[in-house]
Amino acid sequence: MLIRVTAAVSSAVLLGGCSGGGEAAEPESADPTAAEMEVAGPDNAADRSKGPADGGGQMIVTYEEATSPEAQNGKKIMSEAQFLEEMAAETSAMLDLPQDIPLFGRQCGEANAYWSSSDKAMTICYEDADASFQVFSKANDPDPVASTIGAERATFYHELGHATIDVYDLPFTGREEDVADQLAAVLLLEPDETGKADPDNVQAAVDWARIWEDSAAQNGSPEDFPFWDAHEYDLARMYNFECWIYGSNPVDNKFIIDSGTLPEDRSQDCPEEWERMSRAWDEMLDPYWK
Ligand SMILES: [Zn+2]
């Protein structure tokens, strides 16, 4: 059964989770002097016999050192919100992880986030949070930090898509980057026990779409986009998210249509697109939900 997530930190988007135009280099090894903090999830001892993964793994959070102004700002935003701790605890409570999985906050030299298959570790670059903050500040958001945390939340779920595909060896079709975006949408937009998605998570999905819109604007002419890349074109990622936001709840999220950005040619099929996508991810992860 799919465990619905709730937004314990407030909303927003994500900047370039596995940002378009090429993946980051393989992560450097962790700074051995960095303070390491284990975030304990709920006691799951009673559930250990349930899933085939059954490893009792946790996500282990490390905030590495930040020296550049951009990284220092991003680290401040993430650490003050206890963002990584929250994501780690949520994931450990949601999925049977086959092993402990490191989750790094790191100065990468670029705005990005990535899953390393060789290290079985996830990194959210401090610069990613800083870049999101710049976008939402420029847009005069009333609370750009909240928008940033929401964006990074979507980024984390995108990377969790890569992580689950890897550690569970999930079968799927299509490009992995698109499939990872789909898991981010499913985890943000799936209704919880109230029958509706958490409004903060819906806002996070909206803000994630705003990030792709901004990214497309920053990157100039579409002809300059590296279409050979594994990622979809930024504006297509924006439209995908708008479609899934609308499709996940066409009544409450009709504002996506009213805002006029998502054409009817796409929107009319979004509820069915959402339903198939949501069911696919729910079934792919079915053996692993706690
Ligand atoms: Zn990615």
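**Entry 1: the overall layout**

I counted the elements of the protein chain and found 10 helices and 5 strands. Helices here are DSSP runs (H or I) of at least four residues and strands are runs (E) of at least two, numbered from the N terminus. I noted that this is a predicted model, in which local features need pLDDT of at least 70, side-chain atom pairs count only at pLDDT 80 or more, and totals for chains, interfaces and linings use all residues. Residue numbers start from 1 along each chain as its sequence is written.

Next I looked up burial. Of the 290 residues in the protein chain, 48% count as buried. A residue is buried if 20 or more other C-beta atoms lie within 10 Å of its own, exposed if 12 or fewer, and partly exposed in between, with C-beta atoms placed from the backbone.

Then I turned to contacts, where two residues count if their C-beta atoms, placed from the backbone, lie within 7 Å. Among contacts in the protein chain with a separation of 6 or more, residues 24 or more positions apart account for 72%.

**Entry 2: helix H3**

I checked the length of H3, residues 126-138. At 1.5 Å a residue, its 13 residues should span 18 Å, and the end C-alpha atoms are 19 Å apart, which agrees. The expected span is 1.5 Å times one less than the number of residues.

How many of the 13 residues of H3 are buried? I found 10, so to speak a mostly covered helix. Among the buried residues I listed Tyr-126, Asp-128, Asp-130, Phe-133, Val-135 and Phe-136. Their cover includes helices H1 (69-80), H4 (144-167) and H6 (199-218), along with strands E3 (101-106), E4 (113-116) and E5 (121-125).

**Entry 3: two residues with positive phi**

After H3 comes Asn-140, with a positive phi near 60°. Asn-140 is not a glycine, and its place is in the loop between H3 and H4. I counted it as exposed, because it has 7 C-beta neighbours inside 10 Å.

I found Lys-120 in the loop between E4 and E5. With 16 C-beta neighbours inside 10 Å, Lys-120 counts as partly exposed.

**Entry 4: Ala-88 in H2**

I placed Ala-88 in helix H2, residues 83-94. Is Ala-88 buried or exposed? Ala-88 is buried, because 25 other C-beta atoms lie within 10 Å.

**Entry 5: helix pairs around H6**

I reminded myself that two packed helices are described by the angle between their axes and the distance between the axes. Axes are lines fitted to C-alpha atoms, for helices over the stretch in contact, and angles run from 0 to 180 degrees between N-to-C directions.

H5 and H6 pack at about 150°, with axes 8 Å apart. They are therefore roughly antiparallel; angles under 35 degrees count as roughly parallel, over 145 as roughly antiparallel, 65 to 115 as roughly perpendicular and the rest as oblique. In this pair, Ala-185, Leu-188 and Leu-189 of H5 meet Asn-201, Val-202, Ala-204 and Ala-205 of H6.

H6 and H7 pack at an angle of about 160°, and their axes are 7 Å apart. This pair, too, is therefore roughly antiparallel. Residues that meet here include Val-202, Trp-208 and Trp-212 in H6 and Leu-235, Met-238 and Phe-241 in H7.

**Entry 6: helix H10**

I repeated the length check on H10, residues 270-284. Its 15 residues should span 21 Å at 1.5 Å a residue, and the end C-alpha atoms are 21 Å apart, which agrees.

Which residues of H10 are buried? I found Cys-270, Trp-274, Met-277, Ser-278 and Trp-281. Down the axis of H10, these buried residues fall within an arc of 100°, so they line one face of the helix. The arc is that of the directions from the helix axis to the C-beta atoms. As background, an α-helix has 3.6 residues a turn, so residues three or four places apart point the same way.

Turned away from the buried side of H10 are the exposed residues Glu-272, Glu-275, Arg-276, Arg-279 and Glu-283. The buried residues pack against H5 (176-189), H7 (234-248) and H9 (264-267).

H5 and H10 pack at about 95°, with axes 10 Å apart. They are therefore roughly perpendicular to each other. Gln-182, Leu-183 and Val-186 of H5 make the contact with Met-277, Ser-278 and Trp-281 of H10.
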